Amino acid sequence: MSKELNPKETTRFIAYQLWLHAPNPMVTFFKTLDVTRLVKISKQKGLKFNMLLGYCIGKAASQVKEFFILPVGEKLIKYDTLAVNSIVKNKQGEVSSCDILFTSDLGKFNQDYLTYTTQVAQTCQDRDLSADSMVIGTSAIINTEIDGVVGMNSGIFNNPFLIWGRYRKKFFNYYLPISFQFHHTQMDGAHAGKFLANLQKEIDTLILV
């Protein structure tokens, strides 16, 4: 569910005034993650790496309250739930968008990920949960290594967005540079930094039950 907030009654009111109509309100952070644990789990358990990373993104974001508030047009909207978006290559060789509702139950998240990404790939129809959930965008460019991506300000979609390429091996560990773009009305740099720290922690402590 979602509801409109009065910006004056939130901790984001000053940011709302400063950044809502700024020419470029989007901020991009770059960080290199140690994804060794995810790579090992993926290979040992036959689980998709991007699914595991998407789960950790959702879990890390759920611990930062600013993720549940998003500027949509002129409004400030509060959501009760988060979703993680995945860009899927469809059967026509193009890309489609697939939102997966985040749940802390990894087994359920994995099943939903497999079910809905397969469905979207076959039907070439986007799966959109943005009416009821704050959607975290992701895009994996797995055919190449990238150092980071500076996204765009479309003026339409203000959702936070993460982009990564192929992970890299160095000695016995695996590393993944990512870029994290967010709207400054939604959060400040400290909140983004907390999220990225949470993300590394969730990767390092991921446990399969």
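Visitor: In which sense do β7 and strand β8 pair, and over how many bridges?

Guide: This is a predicted model, so keep that in mind throughout. β7 and strand β8 (residues 161-164) pair in the parallel sense, over four bridges. One spot to look at is alanine 140, which stands opposite tryptophan 164 in β8.

Visitor: What else pairs with β7?

Guide: Strand β5 (residues 81-89) does, again in the parallel sense and over four bridges. In that pairing, threonine 81 has serine 133 of β7 as its bridge partner.

Visitor: Why is strand β7 called largely enclosed?

Guide: Count the residues: β7 covers residues 133-140, and seven of its eight residues are buried, so the rest of the structure largely encloses the strand. Buried here means under 20% relative accessible area.

Visitor: How do you know whether threonine 36 is buried or exposed?

Guide: Set the value against the cut-off. Threonine 36 has 8% relative accessibility, and buried means under 20%, so threonine 36 counts as buried. Leaving out residues up to four places away in sequence, threonine 36 touches Phe172, Asn173 and Tyr174.

Visitor: Where does threonine 36 sit, and which residues of α2 are buried?

Guide: Threonine 36 is found in helix α2, residues 36-45. The buried residues of α2 are Thr36, Leu38, Val39, Ile41 and Ser42. Their cover includes β2, α3, β10 and α5 (189-205). After α2 comes glycine 46, with a positive phi near 70 degrees.

Visitor: How do you know where empty space is left?

Guide: You roll a probe the size of a water molecule over the atoms, and that shows where space remains empty.

Visitor: And the second largest pocket: which element contributes the largest share of its lining?

Guide: That's β5, with six residues. This pocket holds about 560 Å³ of space and is lined by 23 residues, with Asn50, Ser86, Ile87, Val88 and Tyr113 nearest its centre. At least two lining residues each come from α3 (49-61), β5, α4 (106-123) and β7.

Visitor: What makes β1 and β3 edge strands?

Guide: Start with the sheet: three strands form an open sheet in the order β1-β4-β3, with antiparallel pairing. β1 (2-5) and β3 each pair on one side only, and that makes them the edge strands. On average, neighbouring strands of this sheet are turned by 35 degrees against each other, direction ignored.

Visitor: How do you know that β1 and strand β4 count as paired?

Guide: Check the bridges again. β1 and strand β4 (residues 75-79) have four, in the antiparallel sense; at least two are needed, so the pair qualifies. For an example, glutamate 4 has isoleucine 77 in β4 as its bridge partner.

Definitions and conventions
Residues are numbered from 1 along each chain as its sequence is written. This is a predicted model: local features need pLDDT of at least 70, side-chain atom pairs count only at pLDDT 80 or more; totals for chains, interfaces and linings use all residues. Side-chain values use heavy atoms; hydrogens and water are left out. Buried means under 20% relative accessible area, exposed over 50%, partly exposed in between (1.4 Å probe, protein chains only). Contact means heavy atoms within 4.5 Å. On a 1 Å grid over the protein atoms alone, a cavity is a set of points where a 1.4 Å probe fits but cannot get out, and a pocket is an open set with protein on both sides within 12 Å along at least five of seven lines; lining residues have an atom within 4 Å of a point. Grid points are joined across faces, edges and corners, and a volume is the space filled by probe spheres set on the points. Axes are lines fitted to C-alpha atoms, for helices over the stretch in contact, and angles run from 0 to 180 degrees between N-to-C directions.
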